[in-house]
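Hello,

Here is the structure we talked about. Please look it over, then read my notes.

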Amino acid sequence: MPRINELTLLPKLPLLITESADEFDALRDAFEREIKPRGIIEQMYVHDISSIVWEILRLRRCKVVLINSAFRSALQSLLTQVLRQPGQYGCDVEDQAQALAHAWFTDQEAKKQVSEILAGFDLDESAIEAEAIRRSFSDLELLDRMLTSLESRRNKALGCVAEYRASLAQQLRDSADRIIDGKGVLRLEDAASNRPTAA
Amino acid sequence: MASVRQIAANRRNARKSTGPRSGAGKNRSSRNAYRHGLRSSITSTAGFAKQLDNLVREIAGDTKDAILLERARAIAQAELELARVRRVKVALIERASAFGELDPPQAFSSVTQIIRLLNAIDRGRVPSFPEPVDSSATMPSQEPDRSAEAIRRVLPELRKLDRYERRAAAQRDRAVLFYNF
C-alpha cells in the first residue's frame with residue numbers, strides 16, 4: 001500500500017546504492033505495526049525511528065567489515081611475533097608469516113598449521129580477532145560514538161511518541177471537561193438572548 | 001606571542017587596508033564566515049519552500065491560528081533539516097565510495113614539497129613531479145567491503161554531521177512538545 005504522506009510530504013530516506021529500498025520499507029512497516037502512528041507527527045517519529053535504526057544497522061555492518069578486513073594484517077603481525085626467535089630480526093619470518101596469513105583464508109591445511117603455531121603459545125583464533133580490533137581501534141571508537149548517539153536518539157524518539165500521545169490525550173481530556181462543564185460553550189439560552197427580536 | 005610594538009604595528013598596518021577592491025575579492029571575502037552551509041535556513045532553497053508549506057499545512061490542518069501555524073512551521077522546518085543532513089551523509093559516503101576520498105588528489109602534499117621543487121628548478125635540475133595517489137584504486141572492489149571502507153574514510157565528517165542531526169532532532173522534539181500546549 002503506498003504511503004501518501006511518506007511519498008509526498010515526509011522526505012524519503014536516502015539510501016546507499018547498495019542498500020535495498022524494500023528492506024527499508026519492511027523495517028518501517030514493522031515499526032508502523034508496532035507503534036500504530038496516528039497523524040502526521042506520529043508518522044514523522046516512526047519515519048525518524050526507522051531511519052535511525054537503518055543507520056544503526058549500516059554502522060554495525062561497517063564495524064564487522066572493518067574488523068574482518070583487518071584480520072589478514074592482524075594475523076600476519078601475530079604470526080611474525082610468535083614465529084620470531086629471541087634476538088632474530090630476519091625478513092624470512094615476515095615472509096613466512098605473510099604466506100601463512102594469506103593461505104589461512106583459503107587453505108584448510110594452513111589454517112590447521114596456524115592453529116597449531118598459536119596453540120604453542122596458548123593462543124587461539126580470538127587472539128587474531130583481538131589484534132584486528134586493536135588495529136581498528138580509532139575507527140571503531142568513532143563508530144561506537146556514533147552508534148551510541150544514534151541509539152540515544154532512537155530511545156528519545158520512542159519516548160517522544162509516548163510524550164506526544166500523552167499530551168494530546170491530556171489536551172483532549174481538557175477539551176472534553178470544558179465541554180462537559182459548559183465553559184466556553186455557547187449555551188442555548190445565550191444563543192436565544194443574542195437573537196434579534198422583532199419589534 | 002606578539003609584542004606591544006608588533007601589535008601596534010599590526011594595528012597601524014590594518015588601518016591602511018581598505019579591504020578587498022576587486023569584485024572577485026569582495027565576493028571571496030563575503031564568504032569568509034561560510035563553512036558548510038548546513039546552518040543556513042532550509043527555506044533559502046526555493047525548492048523546499050513548497051515542501052515546507054505542504055508539511056506545515058498537514059501538521060496544522062485548516063487552522064488560521066497564527067501561533068499554531070508558527071509551531072507547525074518549526075516542526076516542519078526541523079524535520080526537513082533532518083532530512084537534509086541525512087541526504088548529505090549518504091552523498092558523502094557515495095562520493096568516497098566512487099573516488100576513494102572527498103578531496104581530489106593533490107600533486108603536492110605539503111608546502112615543503114613545493115619549495116623543494118622550486119629549489120631544484122633554481123639549481124637547473126629537471127624536477128620529477130610526484131605522481132598523485134589515486135585513492136579510488138585503494139578501495140576494495142567488492143561489497144560490503146567497499147561501502148564499509150567508504151564509511152571509514154568519511155567517519156570524521158559523519159561525526160560532525162551527527163551533531164547537526166542531533167540538534168535538528170532536538171529542535172523538532174521541542175517544537176512538537178510546544179505544539180500541544
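Predicted model: local features only at pLDDT ≥ 70, side-chain atom pairs only at ≥ 80, totals over all residues.

Residues are numbered from 1 along each chain as its sequence is written, while chains are lettered from A and ligands numbered from 1 in the order in which they are written.

Chain contact. 31 residues of chain A are in contact with 30 residues of chain B (C-beta atoms, placed from the backbone, within 7 Å). Helix H8 (137–181) of chain A gives the largest share of chain A's side, 14 residues. That side divides into 19 nonpolar, 6 polar and 6 charged residues (nonpolar: Ala, Val, Leu, Ile, Met, Phe, Trp, Tyr, Cys and Pro; charged: Asp, Glu, Lys and Arg; polar: the others, Gly among them). Helices are DSSP runs (H or I, at least four residues), numbered from the N terminus.

Helix pair. H3 (residues 39–69) of chain A packs on H6 (residues 145–153) of chain B at about 100°, with axes 9 Å apart. Axes are lines fitted to C-alpha atoms over the stretch in contact, and angles run from 0 to 180 degrees between N-to-C directions. H3(A) is therefore roughly perpendicular to H6(B) (65 to 115 degrees). Residues in this contact include A:Arg61 and B:Asp145.

B:Ile75 touches A:Ile41, B:Ile59, B:Arg172, B:Ala175, B:Val176 and B:Tyr179, not counting residues up to four places away in sequence.

Best wishes

How values were computed
Helix = DSSP H or I, 4+ residues; strand = E, 2+ residues; numbered from the N terminus. Parallel < 35°, antiparallel > 145°, perpendicular 65-115°, else oblique. Contact = placed C-beta atoms within 7 Å.
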